[in-house]
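Please look over the sequence and the model shown here, then continue with the notes grouped by topic.

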Amino acid sequence: MRKKAGWLSLLALLAIGAFVGMFLFSESLTVNLHEQSEALGKQLGVVWVIPFVCMLLSIALLPLVTPNFWHHHYGKISAFWALAFLVPFAIFHGMGAAIYAVAHTLFLEYISFIVLLLALFTISGGVCLRGSLVGKPQVNTLILVIGTLIASWMGTTGAAMLLIRPLMRAIAHRKYKVHTIVFFIFLVANIGGSLTPLGDPPLFLGFLKGVSFFWTFTHLALPVAVLAGILLALYFAVDSYLYAKEGKPVPEGGDKEGKLRLEGGYNLLLLAGVVASVLVSGLWKPDAHFTVFQVDIELQNIARDVMLLVLAGISLKITPVSIRRYNEFGWEPILEVGKLFAGIFLSMIPAIAILKAGSEGALSGIIAMVKTAEGADNHTMYFWLTGALSGFLDNAPTYLVFFNTAGGVPEVLMQEVGTLMAISAGAVFMGANTYIGNAPNFMVRSIAESGGIKMPSFFGYMLWSLAILIPLFVLMTFLFFH
Amino acid sequence: MLQINTVLMPVDGSQFSKEAVRYGAQLVSAHKPKVYLLHVTEPVHMTLGGANAEQVRQANEAKSMAMLETYKEILAPSGLDVTLLTRSGRPDYVILNVEEELACDLIVIGSRGLSVLESMVMGSVVTRVLEGAGCPVLVTRNVRSQ
């Protein structure tokens, strides 16, 4: 613990030093770093994307290949790939350009992203649904319906954390449990989060880029309703069949958990505060900003992040320890996400810059893939490419990559509708294709396994998604993304 | 009469916890309680699952058990009935959950003290155990050499 605190103190000192250094250095610069970085996108070669690709491949493969090494060193691996881009970039393009790139990413994307996740994680970790539910098909389906409906408002992580334990208790007496957890991952940990920027990290990144709060709700409500409706009906049919096959079991023993009840319900009010804070930051335009190393940080965004931290602090203060203990709340998951995403966001800088350069950039091949012969956006390709990469890499950076591939101008994309719909749906829906597509997927798997449910392996899970999700995504392509 | 049948001793490998265990054992040995030595390990990261997570979990558990054995040796002269426990998670919550689960009569825990910065950043496991425990907690600090 003392060692950890020592590291934290050192990091805090380094951060303060870096901040002061940035400020002093930026004062001495006469170059317009923003213009310089825009121009760099056209000059950078594909080789600059290697650290980003390696970072994502490390997340996908190292936990499978060398689990012990990954467990002890994943933070260093993440830092290594960030530096593998930053150090050569500073050498070849100057210290000013490198610091500007870091400041831009930290202040306009990474910090807000982590603060939102931290707030949703902390507040939803203070809500606890206790009591006995009997895992009949109707009850299980109802839990999935509720999870799907709330995921867009408390985040897929929050909704999954709130409901996974009650669901596991409900099905504890059942012989066949895996299908329930798999459908839970499909619906609550992924598809349900498609409707607002709070639902899933990629959509929040879109919001930070300028996509309005209700845009996804307006345009994705129908596709989500169709997809979730089919999945819920299918789950009900499968669970009813298996329930009958098991001989309609009833739980043994007494009712230890008592009546169904929600504890820490006031955290739901704090969640409403999160929604309001994010919403207001999209509507309120005070036209004021702070400039750090030529990066303009708008007042409404600072106010939102501060508000989110305050709400998380209130939740920590007012929620009884007993609720957090019951939820086995801890900081490890958010630390893990924070470390990994620091590496992702930093190593992603050149890929984003090149894609922003469009057909003049080194990744013009990708741009050509998502265009029709007439030069229009190919929605089907956007949906499937964003989706395919979201499944194997993380869906948040994938969304950003394709958002920029499509031009990166939110007003144009919102007006054109089809492309942004395809990117948003591809990133969120297909995050369900693998365990690593979206953070709550492996959180749910980990909780299910610790509760004694033998979850399928990485490839075993993919068989489920190949059999169930892929045919549905083909259907969605015909209905909405062509 | 005072009943001390079950004593929980959370340890972390530090000299402070070794002193706490030694001191606590001498204090309660007259009651002949059952002693549970608990070590809390870091949870397995989320990106690991299935057989891979199990592999890391087993490695952590083996390391933890080896460390607990050294504490068991410290307790050997007292002749107490000692059980070794290893769990993963957030230390204060795990300690309190185990205390509840085993219906402990006493928790003995060593305190190393925190700097102002450490307290601000992380708080103290000992403080949170004191706040949440359902039984008396003995916190030892600066134990004089016996």
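**Overview**

In chain A, the mean position of the 28 positive charges and that of the 25 negative charges lie 14 Å apart. The model is predicted. Its chain A comprises 21 helices and four strands, while chain B comprises five helices and five strands.

**Chain A: overall form**

- The secondary structure of chain A amounts to 21 helices and four strands. With a radius of gyration of 23 Å, close to the 23 Å that the globule rule gives for 482 residues, chain A is therefore as compact as a globular protein of that length.
- Along the principal axes, a box of roughly 75 × 60 × 45 Å holds the C-alpha atoms of chain A.
- Of the 482 residues in chain A, 54% are buried.
- When contacts in chain A between residues at least 6 apart in sequence are considered, 81% of them link residues at least 24 apart.

**Chain B: overall form**

- The order of elements along the sequence of chain B is β-α-β-α-β-α-β-α-α-β.
- Of the 146 residues in chain B, 47% are buried.
- For contacts in chain B between residues at least 6 apart in sequence, 79% link residues at least 24 apart.

**Confidence in chain B**

- The average pLDDT of chain B is 85, and 87% of the residues score at least 70.
- Within chain B, confidence is highest in strand β1 (residues 6-11), at a mean of 95, and lowest in helix α4 (residues 116-122), at a mean of 53.
- Where pLDDT is low, predicted coordinates should not be read in detail.

**A buried methionine in chain A**

- Met421(A) belongs to helix α19 (residues 418-429) of chain A.
- The relative accessible area of Met421(A) is 10%, so this residue is buried, the cut-off for that class being under 20%.
- Leaving aside residues up to four places away in sequence, Met421(A) touches Trp215(A), His219(A), Leu220(A), Pro223(A), Phe480(A) and Phe481(A).
- Between Met421(A) and Arg174(A) there are 39 Å in space, C-alpha to C-alpha, and the two are 247 residues apart in sequence.

**Loop residues with positive phi**

- Most residues other than glycine have a negative phi.
- Asp287(A), although not a glycine, has a positive phi of about 60 degrees. Asp287(A) is located in the loop between α10 (266-283) and β3 (289-292) of chain A.
- Asp287(A) has a relative accessible area of 76% and is therefore exposed, since that class requires a value over 50%.
- In chain B, Ala103(B) is a residue other than glycine whose phi is positive, near 50 degrees. The loop between α3 (91-102) and β4 (106-110) of chain B contains Ala103(B).
- Ala103(B) counts as exposed because its relative accessibility is 53%.

Methods:
Residues numbered from 1 in each chain as written. Chains lettered and ligands numbered in written order. Predicted model: local features only at pLDDT ≥ 70, side-chain atom pairs only at ≥ 80, totals over all residues. Heavy atoms only, no water. Helix = DSSP H or I, 4+ residues; strand = E, 2+ residues; numbered from the N terminus. Rg over C-alpha atoms; globule rule 2.2 N^0.38 Å. Buried < 20%, exposed > 50% of the residue type's maximum accessible area, 1.4 Å probe, protein only. Contact = heavy atoms within 4.5 Å. Lys, Arg positive; Asp, Glu negative; His and termini not counted. Charge placed at Lys NZ, Arg CZ, Asp CG, Glu CD. pLDDT = per-residue confidence, 0-100.
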